[in-house]
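Let us read a structure together, one feature at a time. Have the sequence and the model open beside you.

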Amino acid sequence: MNADIRHDWTVAEIETLLASPLLDLMQRAQAVHRRHHDDTIQLASLLSVKTGGCPEDCAYCPQSAHYAKKTGVSKEALMQVEDVLTRARAARDAGATRFCMGAAWREVRDGAEFDRVVDMVRGIGELGMESCVTLGMLAPHQARRLADAGLKAYNHNLDTGPEFYGDIVSTRVYEQRLETLAAVRDAGIDICCGGIIGMGEGARDRASLLRQLAAMEPHPESVPINALVAVEGTPLAGRPKVDPFDLVRMIAAARIVMPASRVRLSAGRESLSREAQAMCFMAGANSIFYGEKLLTTANNEAAADRKLIADLGLKVQALHQHETLPPLPASLDLPADCPRRGEARAAAE
Ligand code: SAM
Ligand code: DTB
Ligand code: SF4
């Protein structure tokens, strides 16, 4: 089993994987998956705790200040701790075991706002959920503070291979991403690191990203694979939709090169059919974002996700205190953006 874990994958080897016949690739990925994982899917809910106005120019991102005029995403203040915890509680009550919070910052600055995020992390832990934050670049002492507050994971994506990175972001370099990841690892926090397909990169760039991730020792515990959500007003708005088979291939290759990691079928899922999502699970994805919003864009309806998982005979990862998913809510008396609202609506109809 541990012979599966390698850190010396070459770009050429991964390119060969990505180009292999789809069913062969899926079968190989599924075999690796079954050696390292059971049949549970983790539901992770996402919340943008500080939206918009980011000084970085990531070409895919609706939260960059550079494209704000065209995207209409304006800069908002950092949320209050209690409001965040109310949302986390609702997500937990709907079955999520992980709560991820995103801030549209270039980097973390010490001060009252960072103190507030640290309090959010502590509060999520007190709810019994895994916490993950994505706050941009992080210095070692800040990583240690988050670790002390009980942070489970830090999301910081490499997004693509180093050769293509300059085509996507001009306000920072790949090496800075690697430095933040090192600070996270040194603080004893799990690494959540993955990327996006569909930005105009080639198969070699996808393989190059996976090589970077697989070279990390240990592998990132969590690997989000996003399909570009081409948001109007961003430079990548005109990109064609990702072929779902390409997403399946990327997930399968990630599963094969990082056998023990949790591979997350992330952004772009809303445009996938149930069948395409099933292929992603078959290829080794074992987590989804759960709740009807990602950071600023729409996500799948919670009720539809629960039904899909049940129809496939898969299980949802439970919190320690209960073994099965909590029952559907009986009333519609939920906040407008609560992830259970869609279900309540469906149940009431
Ligand atoms: N500012 C932080 C950073 O860059 O690490 C955190 C927030 S950023 C929104 C987190 C990740 O979301 C990005 O690295 C990217 O992989 C993903 N993402 C952002 N916009 C996306 C889009 N339009 N489509 C797909 N993924 C996207
Ligand atoms: C990740 O890789 N994908 C999530 C999470 N990490 C933070 C974010 C997806 C964002 C999609 C665009 C949006 O909703 O703004
Ligand atoms: Fe968006 Fe993060 Fe890039 Fe800022 S650093 S523009 S929030 S992806």
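What follows is a dialogue on helices, the core, ligand shells and a few single residues.

Q: What kind of model is this, and how are its parts numbered?
A: This is a predicted model, in which local features need pLDDT of at least 70, side-chain atom pairs count only at pLDDT 80 or more, and totals for chains, interfaces and linings use all residues. Residues are numbered from 1 along each chain as its sequence is written, while chains are lettered from A and ligands numbered from 1 in the order in which they are written.

Q: How do I check the length of a helix, and what span does helix 8 have?
A: Helices (H or I, at least four residues) and strands (E, at least two) are DSSP runs, numbered from the N terminus. The expected span of a helix is 1.5 Å times one less than its number of residues. Helix 8 covers residues 174-186, 13 residues in total, so it should span 18 Å. Its end C-alpha atoms lie 19 Å apart, which agrees.

Q: Which residues of helix 8 are buried?
A: Count neighbours. A residue is buried if 20 or more other C-beta atoms lie within 10 Å of its own, exposed if 12 or fewer, and partly exposed in between; C-beta atoms are placed from the backbone. In helix 8, the buried residues are Arg177, Thr180, Leu181, Ala183 and Val184. Viewed down the axis of helix 8, they fall within an arc of 155° (taken from the directions from the helix axis to the C-beta atoms), so they line one face.

Q: What does the buried side of helix 8 pack against, and which exposed residues are on the face turned away?
A: Contact means that the C-beta atoms of two residues, placed from the backbone, lie within 7 Å. The buried residues of helix 8 pack against helix 6 (140-148), strand 4 (153-155) and strand 5 (190-192). On the face turned away, Glu175 and Asp186 are exposed. Just after helix 8 comes Gly188, with a positive phi of about 85°.

Q: Which residues touch the most other members of the largest nonpolar core?
A: In soluble globular proteins, nonpolar side chains tend to be buried together. A nonpolar core is a set of buried Ala, Val, Leu, Ile, Met, Phe, Trp, Tyr and Cys residues joined through C-beta atoms within 7 Å. The largest here has 95 residues, and Tyr154, Ile251 and Ala254 touch the most other members. Helix 10 (residues 244-257) gives the most to this core, nine residues. Leaving aside neighbours within four places in sequence, Ala254 is in contact with Leu210, Val223, Ile225 and Val263.

Q: How do I read a ligand shell, and how many residues surround ligand 1?
A: A residue is near a molecule if its C-beta atom, placed from the backbone, lies within 6 Å of it. Ligand 1 has 18 residues around it, the closest being Thr134, Asn157, Asn226, Val229 and Ala267.

Q: What classes of residue make up that shell?
A: Ala, Val, Leu, Ile, Met, Phe, Trp, Tyr, Cys and Pro count as nonpolar, Asp, Glu, Lys and Arg as charged, and the others, Gly among them, as polar. Around ligand 1 there are 10 nonpolar, seven polar and one charged.

Q: Is Asp159 buried or exposed?
A: Asp159 is buried, with 23 C-beta neighbours inside 10 Å. It has a positive phi of about 70° although it is not a glycine.

Q: Where is the cis peptide bond?
A: It joins Glu217 and Pro218, with omega about -5°. Pro218 sits in the loop between helix 9 (203-215) and strand 7.
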